[in-house]
Each structure stands twice: as structure tokens, then as C-alpha cells.
Amino acid sequence: MIKRKMITDSILSIIAAAIPILVLQLVILPIIASRLGDIQYGLAVTLISMASLLSLPFGNVLNNIRLLLDGEYQENKISGDFNILLLVGMVTNAIMIIIGTIYYEGGVFFFSILLIVVFSGFNLMREYLIVSFRIKIDYKSILINNVFLGSGYFLGLLLFLYTGYWQFVYLVGAGFSLLYINKKSDLIREPFRKTKFFGKTSYKSGILFISSFIKSILTYADKMLLFPLLGPVAVSVYYAATLMGKMISMTIMPISSVMLSYLAKMEKMKIKIFIQIIVAVTAVGSVGYVVILLISTPILHLLYPNWAEESLKLIHITTATAIVGMISAVIHPIILRFNHINWQLIINGINLVIYVASVFIFYNLYELVGFCLGMLVASVIKLSLMVFVFLLGYHNRQVKARPVE
């Protein structure tokens with residue numbers, strides 16, 4: 001029964017994730033690209049990446065920590081802590097967004113800065129508050145929420161066509177999502193106070209935030225690095241090249257969210273199940289890789305005709321990177337649940353060092369192609385390290401569980 005519900009929830013989660021992805025990637029962003037041109041669109045993609053880099057990690061960290069610790073708060077009939085941490089994240093996010101937007105836009109454009117601060121703040125809030133559905137394992141509500149999100153994107157597109165500000169797409173979309181979440185959840189109305197768990201919750205949130213921020217750097221910093229290295233046109237070419245791989249990986253990755261909801265209630269995992277998960281996800285990823293290579297040419301020529309040919313030169317590498325990242329994302333909640341939380345920081349810290357080294361080494365050799373190749377190398381090493389950490393933890397748990405003779 002539990003397996004059947006987990007499969008059903010995974011399907012609902014995949015559909016829910018696919019709605020905003022397909023709306024953005026196949027409809028809205030190509031329209032924005034055609035209106036802005038390669039230079040301004042490259043700047044827009046860079047700013048979107050920056051906003052995601054700063055807002056999503058903190059919201060997602062609060063989401064996961066709340067999910068893992070909610071039972072403890074409920075047992076003790078205690079409420080608090082999380083809205084304080086949410087406010088800290090909102091303020092920190094706003095300060096960093098202002099600095100980053102001024103840097104990339106090359107000046108102070110007040111209205112543009114305001115819009116990016118607001119939509120990134122909305123994203124941070126919705127990323128945390130949606131945990132109320134995960135706690136209840138209510139993936140139908142997550143699906144409905146993402147319908148609101150996608151509908152908001154379309155309304156934001158109309159505002160973009162009228163005003164010229166692409167930021168309205170993300171602001172209105174996140175705003176619609178928050179309206180639905182706040183109607184169904186009371187998390188935002190929890191008391192603004194510290195509890196006896198504040199120190200523990202803050203520590204775990206801090207460790208996981210640093211780890212998630214490092215991981216997000218590796219996810220979003222590619223565009224932010226390419227912008228100063230090769231300019232906005234290269235960002236546009238690169239973004240189009242990563243489009244197909246990210247679509248399939250972002251659609252499959254919600255499985256990890258479902259897994260953590262169920263893993264939070266489990267005490268152990270057998271090595272056989274872990275291996276089966278890796279084999280199954282690798283098989284799905286391999287099929288997805290072949291499919292993407294077959295369909296990418298007509299789709300990229302349709303969506304991004306101005307730079308499709310240049311993007312197609314990179315797609316076999318960028319798609320492989322996305323598939324490896326997808327496998328890592330699926331086993332990530334297993335590492336989070338069954339290994340010490342400090343491993344999150346160690347894994348992503350090592351990965352950051354390898355990422356920076358491999359990207360710049362290969363970039364200096366082969367420029368944009370080398371940049372993509374360096375990312376693939378770093379992704380493969382991270383996946384290998386994650387598997388090693390789980391196996392090491394599993395071995396240590398088995399040793400501790402053996403009776404003393």
C-alpha cells in the first residue's frame with residue numbers, strides 16, 4: 001500500500017514540476033528571448049540565475065529541516081523558530097539581490113531592482129511554505145499549487161509584453177502560488193518566537209544552507225560565470241544548449257522530494273534498495289539522454305533559431321551533465337536522511353573545489369566547450385562521492401549493530 005502511494009505521489013510530483021517547467025521553457029522564455037534579443041536575454045538569464053541562487057537554497061533548507069524536525073515539534077506541542085529563520089533569509093536575500101543586480105546591470109535601475117527583490121523573496125517564501133503539503137504527504141495540493149504558478153506565469157507574460165519588464169513573469173507566478181499556499185496552510189501565521197529547539201534547528205539549517213548554497217552555486221553559477229568571461233551572447237547559446245537536459249532532470253528530480261517525505265518516517269535502508277534506486281534512475285536517465293539527442297535539433301531551431309546551431313555543438317555534453325545531476329538529486333535525500341548532516345557540507349565543499357578547478361582548466365583549453373566539459377567531470381566526481389558516503393555510512397551502521405561476542 002505504501003509503495004503504491006509513493007509511486008502515485010511521485011507521478012503527481014513529476015506532473016506538478018512539469019507544469020511550470022514546460023510553461024517557462026517551451027512558451028514564455030522563447031517569447032521573451034525573441035523580444036529581448038541575445039544580449040538582453042543573456043542578461044535576463046543571468047539575473048534569473050542569480051535570484052534563484054540566492055533565494056531557493058534558503059527556502060529549500062527551511063523546507064527540508066521543517067520536514068525532518070516537524071515530528072519533534074509536534075510531540076512537544078511547540079510552535080515557533082521557523083518564521084524567525086524565514087525573516088533572516090528574506091533580509092539576507094534582499095541585500096544580496098540588490099548588490100548583484102547593480103553589478104550585472106552596470107548601474108542602479110530602481111524599478112528593475114525592486115521587481116527582482118520582490119520575486120526572489122516570493123520564491124524563497126513559497127519554497128519553504130510548500131512544506132506544509134509535504135508534511136501531510138499531500139501531493140495533490142502541490143499539483144494544484146503549480147497550476148496556479150503556471151497560470152501566474154502567463155499573466156506575467158502579458159504584463160511583460162505590455163511593460164517590457166520580464167521580471168513580472170516570475171513575480172506574478174510566485175504571487176499566485178503564495179496565494180494558494182496561504183489559503184491552505186497556516187505556517188506563515190505561526191508565532192514569531194524562539195523555542196528550546198531554536199539552537200538545534202538553527203545549527204542544522206545553517207549547515208544545510210551552506211551546503212545547499214554551494215550546490216546552488218554549481219547549479220546556477222554557470223551563467224553568472226559565463227557572463228563576465230564570454231559575454232551575454234555566450235550565456236544565451238549555453239542556456240539553449242542546457243534547455244533539454246534541464247527539462248528532463250527538473251521533471252524527474254521531484255521524486256527526491258517525495259522520497260524525503262517518506263524517508264523521514266523510516267529508520268533504515270537496505271543496501272539492496274539503494275542499488276536498485278541507482279540502477280533504475282540510471283536506466284531512465286540513459287533513455288532520456290538518447291531521446292534528447294534525437295529531438296533537440298528541431299526543438300532548438302523552433303525555440304531559439306538565432307543561436308540553435310551553436311547550442312547543438314554543446315548539447316551532448318550539457319545533457320550528460322544534467323542526467324548525472326538528476327541521479328545525484330534522487331539519491332541526495334537518502335544521504336540527508338541516513339548520514340550525518342555534516343556530510344552535506346563536506347560533499348558540496350569538495351565538489352565546489354573540483355568544479356572550479358575543472359571548469360577553469362578545461363575553459364582555458366577549449367573555451368565554451370571546455371567549460372561544459374569541466375562541469376560534466378565535476379558532476380561525475382560528485383555522484384561517485386555521494387555513493388561512497390552512503391556505503392561508508394551503511395558499513396559503519398552495520399558494524400555498530402553487530403552484537404559484541
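Helix α2 has 24 residues and extends 34 Å from its first C-alpha to its last, close to the 34 Å expected at 1.5 Å a residue. Here the expected span is 1.5 Å times one less than the number of residues in the helix, and helices (H or I, at least four residues) and strands (E, at least two) are DSSP runs, numbered from the N terminus. α2 is followed by Gly-106, whose phi is positive, near 70°. The model is predicted: local features need pLDDT of at least 70 and side-chain atom pairs count only at pLDDT 80 or more, while totals for chains, interfaces and linings use all residues. Residues are numbered from 1 along each chain as its sequence is written, and side-chain values use heavy atoms, with hydrogens and water left out.

The protein chain contains 13 helices and 0 strands. Of its 405 residues, 54% count as buried, where buried means under 20% relative accessible area, exposed over 50%, and partly exposed in between (1.4 Å probe, protein chains only). The accessible surface of the protein chain is about 18400 Å², and 70% of that area belongs to carbon and sulfur atoms; accessible areas come from the Shrake-Rupley method with a 1.4 Å probe, and for residues only the protein chains shown count as cover. Contact means heavy atoms within 4.5 Å. Among contacts between residues at least 6 apart in sequence, 83% join residues at least 24 apart.

Within α2 (residues 82-105) lies Asn-93, which is buried, with a relative accessible area of 3%. Leaving aside residues up to four places away in sequence, Asn-93 touches Leu-54, Ser-55, Val-117, Ser-120, Gly-121 and Leu-124. Leu-53, in helix α1 (residues 2-75), is also buried, at a relative accessible area of 7%. Its C-alpha lies 9.8 Å from that of Ile-97, although 44 residues separate Leu-53 and Ile-97 in sequence.

Helix α3 (residues 110-129) has 20 residues, which should span 28 Å at 1.5 Å a residue; its end C-alpha atoms are 28 Å apart, in agreement. α3 is mostly covered, with 14 of its 20 residues buried. Two packed helices are described by the angle between their axes and the distance between the axes. Axes are lines fitted to C-alpha atoms, for helices over the stretch in contact, and angles run from 0 to 180 degrees between N-to-C directions. A crossing is left-handed if the near helix is turned anticlockwise from the far one by less than a right angle, and right-handed if clockwise.

| Helix pair | Axis separation | Angle | Handedness |
|---|---|---|---|
| α2 and α3 | 9 Å | about 145° | right-handed |
| α3 and α6 | within 9 Å | roughly 35° | left-handed |

The contact between α2 and α3 includes Asn-93 and Ile-97 of α2 and Val-117, Ser-120 and Gly-121 of α3. Among the residues joining α3 to α6 are Phe-119 in α3 and Tyr-170 in α6.

A nonpolar core is a set of buried Ala, Val, Leu, Ile, Met, Phe, Trp, Tyr and Cys residues joined through side-chain atoms within 4.5 Å. The largest such core has 72 residues, and those with the most contacts inside it are Trp-166, Val-169, Tyr-170 and Tyr-304. Its largest share, 15 residues, comes from α1. A second, separate core of 33 residues includes Ala-16, Val-61, Phe-82 and Tyr-139. Tyr-170 touches Leu-24, Leu-29, Ile-48, Phe-119 and Tyr-153, not counting residues up to four places away in sequence.
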